Structures are given as C-alpha cells and as structure tokens.
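Open your viewer and keep the selection tool at hand. We will go stop by stop.

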Amino acid sequence: MSKPERNRDRDSEATFGEYGGQYVPEALMPAVQELEDAYERYVLENEDGFMDEFRDRMRDFGGRPTPLQRADRLSDRYDREIYLKREDLLHGGAHKLNNALGQVLLAKYMGKERIIAETGAGQHGTATAMAAAHLDMPCEIYMGRTDINRQRPNVYRMRMNGAEVNPVTAGSGTLKEAINETMRDWATTVERTHYVIGSIVGPHPFPKLVRDFQSVIGREARDQIREKAGRLPDSVLACAGGGSNTMGTFHEFVPDEGVKLYAVEAGGSSLEIDEENALAPNSATLSTGTDGVLHGAMTKLLQSGDGQIMESHSVSAGLDYAGVGPELSYLVDTGRVTPVSVGDDAALNGFHRLSNLEGIIPALETSHALGYLEENYEELGDLVVVNASGRGDKDLETVLEETEKRDLEAAPDVEVFDQ
Amino acid sequence: MSEIEAAIRENHPALITYITAGDPSLEDTKAYVEALDRGGADLIELGLPFSEPIAEGPTIQAAINRALDAGTTPEGFFELVDDLETEAPLLVMTYYNMLLQYGPSEAQRASDSRAVEPRDKPDVRPFVERAAEVGLSGLIVPDLPAEEADPLRTACDDHGLDLVFIVAPTTEGERLDRIMSQVSGFAYVQARLGTTGARADVSNATHDSLTRLEQYDVPKAVGFGVSEGDHAAEIIEAGADGVIVGSALVDLIAEHGEGDAPAADALEAKAAELKRGARRGGGVDVPEPEQP
C-alpha cells in the first residue's frame, strides 16, 4: 500500500510561512540536502517500498495500531466523552518509536553506518536505542547531565539496548545542550552518520520528516473516534515541548476546521521571565516566546532581548526546551492551534488523577494535557480526545520527590513508607 | 577591492586571528586586540558570544561562557569596537539569532522621539547598520548557509560590509559555485569536518579544498585547527592566501586569566610566530627573532 498522494510542492517547501528553514553550519548542508532527497523519495514516494516496510515494522515490532480508549471515570467526572489515544502502549512506552524507527530505517536506506541522537527525558534516546538494536545499527546518545540524573531508568535501558550514552555537562545539562553536542558530532562525522532528531525541530526536512512519521497517531485516532463516537471530536489535546506528539496528533485534524486543537505547554513554576538571570521558569514557548533562530530553524523561542537563549524549566524533562517546532509556531500564528499552559502543580495532580481514576500511570509530559483538561473541560465541547503520549514509569522518582514538596489534592497517601 | 580583501592581498600571506569579545572582559579584549595588531595580525575576527555556539569546539565554547558570565552584550561589544583603533580591519563572528534580535532596547525606544513601533518580525538590518557605524569591515555567521543569506547579503551590500562564507570539506559542485558567487572579502576554508579547536596537524582535507577553490578569484584563508607557525607555513605553501587562528589564542587567554598583562604579551608573540610561519610558507625568508 502506498502513501496517499500528496502535493509535492507543499511538502518540498523548507518553510511554514516565515518559520523553518535551514540555518545550519555549511559542513552540514550537503547532509541536510541528502536527507531532503531521501525524504522525498522514500517517505513521500515510497521508493523501494520504504513506507511499507516502515508500517510493517511498526505493527510487528512497535505494536501499532494503538487503541483509542474511552476513559470512563474521566468522562463521568467531566460529564462529557473523554477518549485517550494510548501511545503509552506503543513499544518503549511512548510515541517516540514512531519517529525513531522511521529515521533509523531511513538511515539504512540511505546507506549510513552510524546513528546519533539527543535525548531530554530519555524517551527519544531509548526509542532510538531500541530501533538501532532492532535494525542492527551502532548508536550513540547525547544526554544532559541533569537529565541523566533525573531519568536514570531510561539511561540504563539505552545501555541495555547497546547504545553508548554520552553525558553533556554544558549549560544546564538538559535537552538544548544535548542537541548542541549532537550537532557538533554530526558536523564531524556527517559523511557516514545520520542524526535522528527527536522532535519536529531542526533544519528542513526534519520538521516534516518527523511529523510524517508521527502523523500515524492522528490518522489512527481520527478513524477510531469516528468509528467509536460516530463523529469527529470537538477538541484534541496534546502536550507540547518540541512538539512531535503534538503535531503527530494534530496533523490529520488540521483540515477539520470544526476540531479545536490545544497544544498544552509546561507553565513550570511561573510564566514570568527572569531576564536578569536569563531564566524562563517554564517551557511555554508557543504561549510566550518570540521569533528567532535556534538549532537550524526560525521558530518561537524563549530568549532574552539580546538573543541569548534562556534556560527553561519544567518538572517534566521531556517538555523542558526553549524552542518548539516551526510548524507549530506557524499554526499558532494562523490561529489553527491554540497554545495553552499548565504549571508543575497541575501536571502533578493530572499524573496522580489518571493513575488513580483510570489505572494508567501517564508520563509527566502527558500529565500537562490532563492538567489542562481538569481546569478547562467546560470549554472543550462534548467529545474530547487527549493524546496519552507516554507512560510514567520513568517519572516515578521525580514524582515521589516533587509530590513530597507539595500539598497535592490528587496525590495518594504514602504513609505506608513510615510504618 | 574591499578593506578586507586588500588587507589579505597587500599583506600576503595573511594572518587572521580570532578571539572572543568579553573573555574575560571587554577591557581585556581591547588590550588583546591591540596586542594582536602589533604582533602582525592582518585581520582580526571578534566573536560576539551567543549561548548556543554549535560550530565551536570546547575551547571557544568555554571562552563564550566566560564572556557571557562577564555580562557581554551586543551593545557593549559595539562600543568596544568603536573604541578600537587598529591597523587590521575588524570582523564580527557570531550566530544568526544575535543579528536577528539586535535592535534599540525598549528603553531607548521610549526615550527616542523618532522611535519606531516594536518589530514584530526579527530583522538583520539594525545589526548591520550598527556594525558599519562602529567601523567593522565584515561579518562571519557560521550557522547561516548561502541558501538563507539573501537578507543579510543585501543589508551588507547596502552598508559596504563584507560577508564571509565558510567552505567546508563537504562543499562541492553547485553549492560551491553558489557560495563563491555570494562571498566577499575572503572564503573561509574549513580545514576539516567538525568544530573549531587547536589540532596537532594540518588535515588532508585542506589540500583538497584549496584545489577545488583554485579557479575562484577570491582570497582563501584556512581555519579550524591551525595552532602553530609550522601549520601556517604548510597551509600557505598549499596555496592559501591566509591562515585563521582562534582556539590557540583563546587557550593563551584562558591560561593567563583576568587583567594580566602577560596575556597580551603572549598573544603578541604568538601572532608574530604565526605570521613568520605564514611568510615562510609563502617563500619569504624570515629570520627567527633573537633569543633573549
């Protein structure tokens, strides 16, 4: 089965309005253009049956399709129909495999011999390590030192799958620094190495390539909701850091103008920017950012007036990024996507609430979408789809620590530890 | 011929030096630039620090961090340049976002009767205008490939500034033609794949790149990894018009620390060593200086 016909002109464009582009060092330009060519041939035109093999592997290795589940108790709580797209059930426990497997397979088709990737929460790193093991490719993952410390189980999983994990100590030791260091590796080894970027960020064609691999989420969800509820939803919610699960969920719904699309960002501890210390205590780039160039693309950024990129913050490592995919910036400016945010506390309550009511432990990233649902369900219409982008096992240490610091209404009583 | 091109052609073989402005302070940078000028640098690149320097290796990353920690701002940088009187023309090397975001501050806008509305889209022109005003001769923007450079090329042309492009070991064919048609001042030949940083040898890629560039009538200067007079000699012998040295100088600054006069002396001596090497490679007989 080949991919439906697409307008080549639209997909070959390097930009979304004024966003996107290819702002990379000269040494990387030939590789970026080689990737553009591979994207058009293998992904858009299914040359050599690439997309067929990708879909087969996502079914057999990845476990696609994932279910769309009616969340019964949330539906009762909010007195409307709430459905969860269960990407947490994908192999590896998050949507990340959709992109990682697609890109590692593409690297094989391109004749590359080595895989590198950055990771924030470790979900993209683990997905890339799994895909590389599955497809027998050597793999190195760059991860910030802070993230290594707060996502230890994922570090161990990557090592178990045979990947090298390279700690990055620069700056705050999170995703931004990991991307910098991966780009430096790529600039050195570009001739035989493919950089599996983890979100819809970076120079063209990455934002479109990653979106296309992730768009299976929304394609399935759109079919599933029509089958189960007999119509399209009123609202679709997805958390947004770099934006890969967001765009993956939204892409198929963008032409459905009656469906409201909410990108839920990390409000962190505050939306106010601390200009003096170049610190944004949030990762709400779509809600509060300004236009600039970072990591290869023009997009919205958390930056100082001078153009220095700020350190961002979120209790969720996977959302903790000062940039965002250029396509989301564009869809926000055109009004198609509504950017909203919830803070650390609401996300932690969302985490506990879904665990307690539905028996699903969600990722802290996903928990932001659930936090928004709790606070704003009345505005979302009668039929709501939330992308459950990942599972929360990786976050247990963080959640325990952060819950102890707070008085959270949805948190369980853990006095059992003190007895 | 632009100031930069003339500085290379008239001082052939040329020495181009890089240091990061504000490392460890803008006052120190002033003394260091003057020392490099005395030591024989024919062109001086000043790095305007950006928080995400993806083209730099560890040495210059550390210098940029020191400069940012010292509070270096674009306006402070421009004031430093305005203050400098050097024989060697000055270039700014920085990342594209720094150009896009530069503009009058909110406070200046408020107090300026000619104040314009805040820009809703970033624009490179205020940066280029200010660069020309303080006497910079050109720009190098390592994350701006020729494909995205039209707005900056136009702004530079309007203000008589050179825009230097980097030619990588991977740059070939149509892309090379495109870059060479847009470049002005000189072509920055990246000696090897990877990031900036002092190396112990001259890479083979340097020779291949210089061969590919032979047909273009633009001065060629080689950087990335050049750290010694002998490298400079070898590179000039291979056909380059100039050598670019950065990390080796930044290392000297880091070794000496803040406000230390010997750092300026060390930079001057290093520049002299590199210039002698370059001239030796160009077939100019240079006597070694007398040992004290």
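Select A:Met58: is this residue buried or exposed? A:Met58 is buried, because 21 other C-beta atoms lie within 10 Å, and the cut-off for a buried residue is 20 or more. Keep in mind that you are looking at a predicted model.

**Stop 1: around A:Met58**

Color helix H3 of chain A, residues 50-60; A:Met58 is found there. Now show the residues that A:Met58 touches, leaving out those up to four places away in sequence: A:Arg64, A:Asn98 and A:Leu101. Next, pick A:Gly230. A:Met58 and A:Gly230 are 172 residues apart along the chain. Their C-alpha atoms are separated by 27 Å.

**Stop 2: strand E5 and its partners**

Select residues 114-119 of chain A. This is strand E5, and it is mostly covered: 5 of its 6 residues are buried. Which strands pair with E5(A)? One is strand E8 of chain A, residues 193-195, which runs parallel to E5(A) over 3 bridges. Another is strand E6 of chain A, residues 139-144, also in the parallel sense, over 5 bridges.

Zoom in on A:Ile115. Toward E8(A), the bridge partner of A:Ile115 is A:His194. Toward E6(A), A:Ile115 stands opposite A:Cys139. Now trace the chain from E5(A) to E6(A). The path goes through helix H6 of chain A, residues 123-134. This β-α-β crossover is right-handed.

As you look along any strand, check the side chains. In a regular strand they alternate between the two faces of the sheet.

**Stop 3: a six-stranded sheet**

Stay in chain A and select E3, E4, E14, E9, E10 and E13. In that order they form an open sheet of 6 strands with mixed pairing. Why is one side of E3 and of E13 left without a neighbour in the sheet? Strand E3 (68-70) and strand E13 (337-343) of chain A stand at the edges, each with a single partner strand, so each has one side with no neighbour in the sheet. Neighbouring strands are turned against each other by 25° on average, direction ignored.

Now pick out strand E4 (residues 81-86) and strand E14 (residues 383-388) of chain A. They run parallel, and 6 bridges join them. A:Arg86 of chain A stands opposite A:Ala388 in E14(A).

H15 lies across strand E10 (260-268) and E13 of chain A. The angle between H15 and E13(A) is about 85°.

**Stop 4: where the chains meet**

Show both chains. The contact takes 28 residues from chain A and 33 residues from chain B. Which elements of chain A give two or more residues to the side that touches chain B? Select strand E2 (19-23), helix H2 (29-44), helix H9 (175-189) and strand E11 (290-294) of chain A. H9(A) gives the most, with 6 residues. Color this side of chain A by class: 13 residues are nonpolar, 9 polar and 6 charged.

**Stop 5: chain B**

Chain B has 13 helices and 8 strands. Its radius of gyration is 18 Å, close to the 19 Å that the globule rule gives for 292 residues, so chain B is as compact as a globular protein of that length. Along its principal axes, the C-alpha trace of chain B spans about 60 × 50 × 30 Å.

Color chain B by burial. Buried residues make up 57% of its 292 residues. Finish with the contacts in chain B that have a separation of 6 or more: 74% of them join residues 24 or more positions apart.

Key: Residues numbered from 1 in each chain as written. Chains lettered and ligands numbered in written order. Predicted model: local features only at pLDDT ≥ 70, side-chain atom pairs only at ≥ 80, totals over all residues. Buried ≥ 20, exposed ≤ 12 C-beta atoms within 10 Å, placed from the backbone. Helix = DSSP H or I, 4+ residues; strand = E, 2+ residues; numbered from the N terminus. Pairing = 2+ DSSP bridges. Right-handed = clockwise from strand over helix to strand, strands pointing away. Contact = placed C-beta atoms within 7 Å. Nonpolar A, V, L, I, M, F, W, Y, C, P; charged D, E, K, R; others polar. Axes fitted to C-alpha atoms, helices over the stretch in contact; angles between N-to-C directions. Rg over C-alpha atoms; globule rule 2.2 N^0.38 Å.
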